[in-house]
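User: I have a model open on my screen and would like to understand the labels attached to it. Could you take me through them?

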Amino acid sequence: MAATEVSTTPFDGQKPGTSGLRKKVRVFQQPHYLENFVQAIFDTQPGFRGGTLVLGGDGRFYNREAIQTILRMAAANGVVKVLVGRGGILSTPAASCVIRKYQAQGGIILSASHNPGGPDQDFGIKLNTDAGGPAPAGVTDAVFARSRRIDRYRITDTGSVDLDALGNTALDDMSVEVMDPVADYAALMERLFDFNAIHQLFNSGGFRMRFDAMHAVTGPYATEILENRLGAEPGTVMNGMPLPDFGGGHPDPNLLHARDLVALTQGLTGLDFGAASDGDGDRNMILGKDFFVTPSDSLAVLAANAHLAPGYKAGIAGVARSMPTSQAADRVADELGVECYETPTGWKFFGNLLDARKITLCGEESFGTGSDHVREKDGLWAVLFWLNLLAVRRQSVGDIVREHWQRFGRNYYTRHDYEAVDAGAAEALMDHLRMLLGDLPDKRLGGLSVAYADDFSYTDPVDGSVAEGQGIRIGFDGGSRIVFRLSGTGTRGATLRVYIECYEPDPARHGQPVQEALAPLILSARELAQIEARTGRAEPDVIT
Ligand code: VG1
Ligand code: CO
């Protein structure tokens, strides 16, 4: 059978955002849309010709169709081998693991992460490089530029591959291996964490937990690792079956969308531990009994306790956090005598630091935590890390975090999201803030004195590349901060994110409600950015 060349005309607006190309399913279903983008990848990434590609997704609507198209295009573009997860399933961190383990030239992951799925919802496509991490800006810019000029793509007229049967199939000259999406990843987790200790914790009687897979990709991973290998009781994994529409929910592990799980951890009969992951398995939420661990605190706690897990017993080389993530990890790095890097939002900025062994752990406020074991954030990894800590320290989640605050001080932290606001108004609001920057230093806001104010720019310490305009940062004496940035992952209008943090060293003052502790700064942020006047929104849509 032969490869066909199909002529095409490029579509506008295919610029990938924070995390790949993310659009409504209907946009991807337009004739040639997916094909244009995929051909732009093959045209600009010559390594795939003659090489190996890893392919899978989070199981959302259109996942299987997209995989069949990409397989036929890979065959027509000279790829020698494709490793595809059974059922078209590969979590983002598992894809990263597989790329690294089999030294593939890269991977294509089909996911819109925590965005809802279904015919009227979102779809996405992400490109990872041979190191296993998200493609850096240089690569995505090249793909984008090519997708705007593209006039033909290559595809075979072969039939579809059975994605549900393990084993090899030939597609023209290319070999497709349908592989177990869980096995390699689970083996990696067994090397990093003390499975015996966690197994004993589960068997000690009295320890009660649930993991909410939110009908997304982590179901099979969590069932295999937690229930089959670690012996957690059947039913520990909730919503464990991946569904094309995620059961109608948002597969977003936060207090709002995982509210059933949150409820199970509350009150007299509350569980000791609750955790959840997102659509593609790279995010995590950690809950204790009546206790929510902010992702920023989670990174700091893991950094301070890393030596308790076998994979990190030699200590950590350094840590990195995205700019809007709270500065809790900075204090731990300080005490450990290692560097803490501040990077722009998006996992791709951690890749060089990890490859150069400048850091071991990294994280984002948006429920993302990870390490040098793969080049993506990793939801289940964070859950296992916490379970390892609980098994070794034999303390509750709340006690571990409260002790951490006593030792390092507490960074009160919140994020306020204004979703689907008018894109022009959001840009104008950011321009307005940029105009103010020069005048802010030494001014007083919310009773605090401004130490610095800038539009965050990052120079990669490894390759010297510069990322500008990464968000407005206003820092105060004493460590408080206000940060404003626009989301790069939305599919409707603009989303304004406002991040607010203050530092409280005094343990006697660690018990305040978060929104109360931050109230003066929240008000200052709203006034300074004229949020209500410019967006018509008096209150944020989501408070985390
Ligand atoms: C959001 C988060 C960011 C994260 C990105 C991708 O981006 O804020 O921290 O890296 O999602 O995560 P934005 O631009 O909307 O703020 V995922 O789980 O979609 O791969
Ligand atoms: Co995700």
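Here is a conversation about those labels and the values behind them.

Analyst: Gladly! This is a predicted model, in which local features need pLDDT of at least 70 and side-chain atom pairs count only at pLDDT 80 or more, while totals for chains, interfaces and linings use all residues. Residues are numbered from 1 along each chain as its sequence is written, chains are lettered from A and ligands numbered from 1 in the order in which they are written, and side-chain values use heavy atoms, leaving out hydrogens and water.

User: Where do the domain bounds come from, and what are they?

Analyst: They come from an automatic or database domain assignment. That assignment gives domain 1 (3-181), domain 2 (185-408) and domain 3 (410-543). Between the C-alpha centres of domain 1 and domain 3 there are 36 Å.

User: What makes β4 and β9 a pair, and in which sense do they run, parallel or antiparallel?

Analyst: Strands are DSSP runs of E with at least two residues, helices are runs of H or I with at least four, and both are numbered from the N terminus. Two strands pair if DSSP finds at least two bridges between them. β4 (residues 81-89) and β9 (residues 174-179) have five bridges in the parallel sense, so they meet that definition. Val 82 has Val 176 in β9 as its bridge partner.

User: And how does β8 pair with β9?

Analyst: β8 (residues 167-171) pairs with β9 in the antiparallel sense, again over five bridges.

User: What is the strand order in the open sheet of seven strands, and which are the edge strands?

Analyst: The order is β20-β21-β24-β25-β26-β19-β27, with antiparallel pairing. The edge strands are β20 (444-445) and β27 (542-543), as each pairs on one side only. Within the sheet, six bridges join β25 (residues 481-486) to β26 (residues 494-504), and Arg 481 stands opposite Glu 501 in β26.

User: Which residues of α14 are called buried, and how do you know on which side they lie?

Analyst: Buried means under 20% relative accessible area, exposed over 50%, and partly exposed in between, with a 1.4 Å probe and protein chains only. The buried residues are Val 397, Gly 398, Ile 400, Val 401, His 404, Trp 405 and Phe 408. They cover an arc of only 165 degrees around the axis, so they sit on the same side of α14; the arc is taken from the directions from the helix axis to the C-beta atoms. On the other side of α14, Gln 406 and Arg 407 are exposed.

User: How do you know that Cys 97 is in no disulfide?

Analyst: A disulfide is a pair of cysteine sulfur atoms within 2.5 Å. A search of the whole structure finds zero of them. For Cys 97, the nearest cysteine sulfur belongs to Cys 362 and is 16 Å away. Cys 97 counts as buried, because its relative accessibility is 5%.

User: Why is His 114 called buried, and what does its side chain contact?

Analyst: His 114 is in the loop between β5 (106-110) and β6 (122-128). Its relative accessibility is 11%, so His 114 counts as buried. Its side chain makes a polar contact with the side chain of Arg 283 at 3.4 Å. A polar contact is a pair of N or O atoms within 3.5 Å; within protein, one must be able to donate a hydrogen and the other to accept it, and residues adjacent in sequence count only if both atoms are side-chain atoms.
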